[in-house]
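Please read them with the structure open.

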Amino acid sequence: MTTTMRAVEIRSPGGPDVLALTERPVPTPGFGQVLIRIAHAGVNRPDALQRAGAYNPPPGASDLPGLEASGHVAAIGDGVTGLAEGDAVCALLPGGGYADYAVTPAAHCLKVPRGMGLREAACLPETFFTVWSNVFMRGGLRGGETFLVHGGTSGIGTTAIQLARHFGARVFTTAGSDEKCRACEALGADRAINYRTEDFVDVMAAEGRADLILDMVGGDYIPRNIKALADDGRLVQIAFLQGPKVTLNLAPLMVRRLTMTGSTLRPQSDVAKARIAHALAREVWPLLEAGRIAPVMDQAFDLGQAAQAHARMESSAHIGKISLTVADS
Ligand SMILES: NC(=O)c1ccc[n+]([C@@H]2O[C@H](COP(=O)([O-])OP(=O)(O)OC[C@H]3O[C@@H](n4cnc5c(N)ncnc54)[C@H](OP(=O)(O)O)[C@@H]3O)[C@@H](O)[C@H]2O)c1
């Protein structure tokens, strides 16, 4: 097997142009890990944050961007059971997905859902791990509840709308254009709110406030989310696109018994991520195989066009997932 590979590195923190193709040694799988020969890699907003210098890899993780990929197992480390060389997988990665090869714990690999292509499968792990762990495990969304997710056409939003709908919630979402709102409603949202022309707090007051809000916007959305929550409601924060610092009146937390929480996936322990993978295999992969939910695919770029892929993501013109094609398959 070859000892060097193509990889996209971040030359220095900055805009999309700091992403450059380079050559790196092929990594070696350690105990409990597998080496994946990558076919496709998913592009996520956290990759752009890392590129800009605002989201550093946790200790021990690859400095290369890329948190998810699909491909075939190329080598197996000691202690791995249940996977063999040649198996087709999609996997959550600690980093390093923008490359020909990457290593990850075997327990963070999931099979490619029957009937799904490798490109679509590459775009599952980061958003499905994030949505499952925050909306269902942490946020405890139940059938019959009202759910609001901001950024409905993001990778996260398109996943959250479909899963919440499937598990019986009434689904509301926000997006930045009428076209994006219609796309969210086609995916199963009961009502998409164009945040440029409508106030989501007013809409939720009229339609019935939210039991659970999944928010990535932060900033002035934080006090407005509190207003949009029903009594006993939960606010789960997964990012702060408009900043994490606000002045807040916390009295409603007490009076209306609200819960504010949040999490970020990447620095969690291998065991915590394996637990999420296990739950997804049991609860969600059968839905993907049955075609009841599916990733929403935006544009594909070649590995060497990672800068263009990031520019598209940061333009917010996309609907759903952007991917990188690493090898034809
Ligand atoms: N905590 C975690 O573990 C974790 C993991 C993965 C991702 N994330 C975060 O989740 C977010 C989505 O990630 P992604 O990869 O799916 O990125 P993405 O597709 O680029 O999504 C970002 C979305 O934010 C929306 N947006 C921006 N300002 C908004 C506003 N004021 N109101 C409503 N929507 C707004 C944009 O849509 P419009 O054009 O409609 O504004 C866009 O759809 C990112 O912030 C990312 O950092 C967190």
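1. How many cavities of 30 Å³ or more does a search of the whole structure find? The search finds 1. Bear in mind throughout that this is a predicted model.

2. The largest cavity holds about 30 Å³ of space. Its lining consists of Leu67, Leu92, Leu93, Glu126, Leu265, Arg266 and Lys273. By class, the lining residues comprise 4 nonpolar and 3 charged, with no polar ones. Rolling a probe the size of a water molecule over the atoms is what shows where empty space is left.

3. Strand β9 covers residues 170-175 and is mostly covered, with 5 of its 6 residues buried.

4. One partner of β9 is strand β8 (residues 146-149); the two pair in the parallel sense over 4 bridges. Within this pairing, valine 149 stands opposite threonine 173 of β9. Together with helix α4 (residues 155-166), β8 and β9 form a β-α-β unit, and the unit is right-handed.

5. Strand β10 (residues 191-194) also pairs with β9, in the parallel sense and over 4 bridges. Here alanine 175 is found opposite asparagine 194 in β10. To get from β9 to β10 the chain passes through helix α5 (residues 178-187), and this β-α-β crossover is right-handed.

6. Is threonine 197 buried or exposed? Its relative accessible area is 61%, and the cut-off for exposed is over 50%, so threonine 197 counts as exposed. Between threonine 197 and lysine 227 there are 30 residues in sequence, and the C-alpha to C-alpha separation in space is 19 Å.

7. Which residues of α6 are buried? They include Phe200, Val201, Val203 and Met204. Viewed down the axis of α6, the buried residues fall within an arc of 165 degrees, so they line one face of the helix. On the face turned away from that buried side, α6 carries the exposed residues Asp202, Ala205 and Ala206.

8. To recap for anyone checking the figures: β9 pairs in the parallel sense with β8 and in the parallel sense with β10. In α6, the buried residues line one face, and exposed residues sit on the face turned away from it.

Key
Residues numbered from 1 in each chain as written. Predicted model: local features only at pLDDT ≥ 70, side-chain atom pairs only at ≥ 80, totals over all residues. Heavy atoms only, no water. Buried < 20%, exposed > 50% of the residue type's maximum accessible area, 1.4 Å probe, protein only. Pairing = 2+ DSSP bridges. Right-handed = clockwise from strand over helix to strand, strands pointing away. 1 Å grid on protein atoms, 1.4 Å probe; cavity = no way out; pocket = protein on both sides within 12 Å on 5 of 7 lines; lining within 4 Å. Points joined across faces, edges and corners; volume = space filled by probe spheres on them. Nonpolar A, V, L, I, M, F, W, Y, C, P; charged D, E, K, R; others polar. Arc of directions from axis to C-beta.
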